[in-house]
Amino acid sequence: MKVLMTGAAGGVARMTRPMLRELYPDLVLSDVKRPDDLRNDETFAPADLTDLAAVEAITRGVEGVIHLGGVSIERPWDEILPANIIGCHNLFEAARRNGVKRVIFASSNHAIGFYPRARRIGTDNAVRPDGYYGVSKAFGEAIGALYAYKHGMRVTSLRIGNVGDKPIDLRRLSIWIHPEDLVQLFVIGLEHPEVRCEILYGLSNNARGFWDNRRALELGYDPTHVAEHHRDEALAAQAKLPPDPIGDWFQGGTFCADGYDNKDELPRT
Ligand code: 15L
């Protein structure tokens with residue numbers, strides 16, 4: 001299967017590329033800039049996501065896309081708009097024109113960041129973005145659904161928590177995903193015959209998880225990494241952080257606190 005990965009110079013790509021190139025030897029990597037750890041045996045095709053013709057060129061002959069490209073943190077709207085809204089539309093439209101069958105969209109927990117941590121949510125709850133970045137992820141899920149239902153593309157939106165070797169604080173004990181588990185979800189999105197239009201949560205085996213990920217489990221997801229194995233270290237790191245009444249309340253953490261000026265009582269639902 002010829003797979004294209006956008007955002008190949010970013011952190012999530014760096015952690016997952018070594019595993020993916022074993023599974024998909026024809027993996028093509030794309031980004032605006034060349035990954036500084038690019039190997040001789042990796043194929044790199046530069047493209048700016050805001051340039052539809054360029055995105056059409058890199059999706060030609062491709063069967064599946066892992067779309068990690070765009071801005072990956074909260075930024076002003078004039079940065080989010082081109083990279084994450086226009087760029088995401090270009091990716092889906094170019095993929096449609098080229099008959100790409102499968103797209104995995106890297107959504108984020110920040111599409112639903114304004115749910116309180118005490119509430120366990122699934123994928124039927126309405127989005128509650130915690131910034132422009134979260135809005136762009138909700139947009140990506142929506143345009144993915146459009147291309148799935150209108151054009152028959154098989155689309156998987158992964159609401160990724162925090163990718164890394166271990167959870168780094170209290171919130172991450174709930175939302176952490178190890179790169180090996182994330183690769184499992186990529187493979188489900190690229191290959192599982194039942195995938196039509198899915199929203200799955202990207203978290204490892206986390207006892208404190210905020211999310212009901214039953215659909216991922218139904219599709220065979222079997223996370224092998226256990227957040228609680230890192231509990232003491234994560235809690236020690238948390239103890240060094242200053243209290244944050246807003247960020248500590250909501251699932252999205254500091255993204256929720258950033259610019260928060262809602263004078264109402266905290267929502268309790
Ligand atoms: C994300 O969506 C970001 O891409 C990542 O940098 C982290 O901030 C992560 O969420 C998180 O919530 O920890």
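Colleague: What unit do S4, helix H3 (residues 77-97) and S5 make?

Modeller: The model is a predicted one. In it, S4, helix H3 and S5 form a β-α-β unit that is right-handed.

Colleague: How many helices and strands are there in the protein as a whole?

Modeller: The protein has nine helices and nine strands.

Colleague: How should I read the side chains of strand S4 (residues 64-67): which point one way and which the other?

Modeller: In a regular strand, side chains alternate between the two faces of the sheet. In S4, Gly-64 and Ile-66 point one way, and Val-65 and His-67 point the other way. Are these residues buried or exposed? All of them are buried.

Colleague: In which sense do strand S1 (residues 3-6) and S4 pair?

Modeller: The pairing of S1 with S4 is parallel and has four bridges. Within it, Thr-6 stands opposite His-67. S4 is also joined by four bridges to strand S5 (residues 102-108), and these two strands run parallel. There, His-67 stands opposite Phe-105.

Colleague: Which residues line the largest cavity?

Modeller: His-67 and Phe-105 are both in that lining, together with Gly-69, Gly-70, Ala-83, Asn-84, Cys-88 and Lys-137. The volume of this cavity is about 40 Å³, and the count of cavities of 30 Å³ or more comes to one. H3 gives the most to the lining, with three residues.

Colleague: What volume does the largest pocket have?

Modeller: The largest pocket has a volume of about 860 Å³. It is lined by 39 residues, of which Leu-68, Gly-70, Val-71, Ser-72 and Tyr-133 are the closest to its centre. The elements that give two or more residues to this lining are helix H1 (11-23), S5, helix H4 (132-151), strand S7 (162-163) and helix H5 (170-175). H1 gives the most, with four residues. The pocket lining divides into 18 nonpolar, 15 polar and six charged residues. Gly-70 belongs to the lining of the pocket and to that of the cavity.

Colleague: What does the radius of gyration say about the overall form?

Modeller: For 269 residues, a compact globule would have a radius of gyration near 18 Å, and the protein agrees with this because its own value is 18 Å. Along the principal axes, the C-alpha atoms fill a box of roughly 50 × 35 × 35 Å.

Colleague: What percentage of the residues in the protein is buried?

Modeller: Buried residues, those under 20% relative accessible area, make up 53% of the 269 residues.

Methods
Residues are numbered from 1 along each chain as its sequence is written. This is a predicted model: local features need pLDDT of at least 70, side-chain atom pairs count only at pLDDT 80 or more; totals for chains, interfaces and linings use all residues. Side-chain values use heavy atoms; hydrogens and water are left out. Buried means under 20% relative accessible area, exposed over 50%, partly exposed in between (1.4 Å probe, protein chains only). Two strands pair if DSSP finds at least two bridges between them. A crossover is right-handed if, with the strands pointing away from the viewer, the path from the first strand over the helix to the second runs clockwise. On a 1 Å grid over the protein atoms alone, a cavity is a set of points where a 1.4 Å probe fits but cannot get out, and a pocket is an open set with protein on both sides within 12 Å along at least five of seven lines; lining residues have an atom within 4 Å of a point. Grid points are joined across faces, edges and corners, and a volume is the space filled by probe spheres set on the points. The radius of gyration is taken over C-alpha atoms; the globule rule is 2.2 Å times the number of residues to the power 0.38. Ala, Val, Leu, Ile, Met, Phe, Trp, Tyr, Cys and Pro count as nonpolar, Asp, Glu, Lys and Arg as charged, and the others, Gly among them, as polar.
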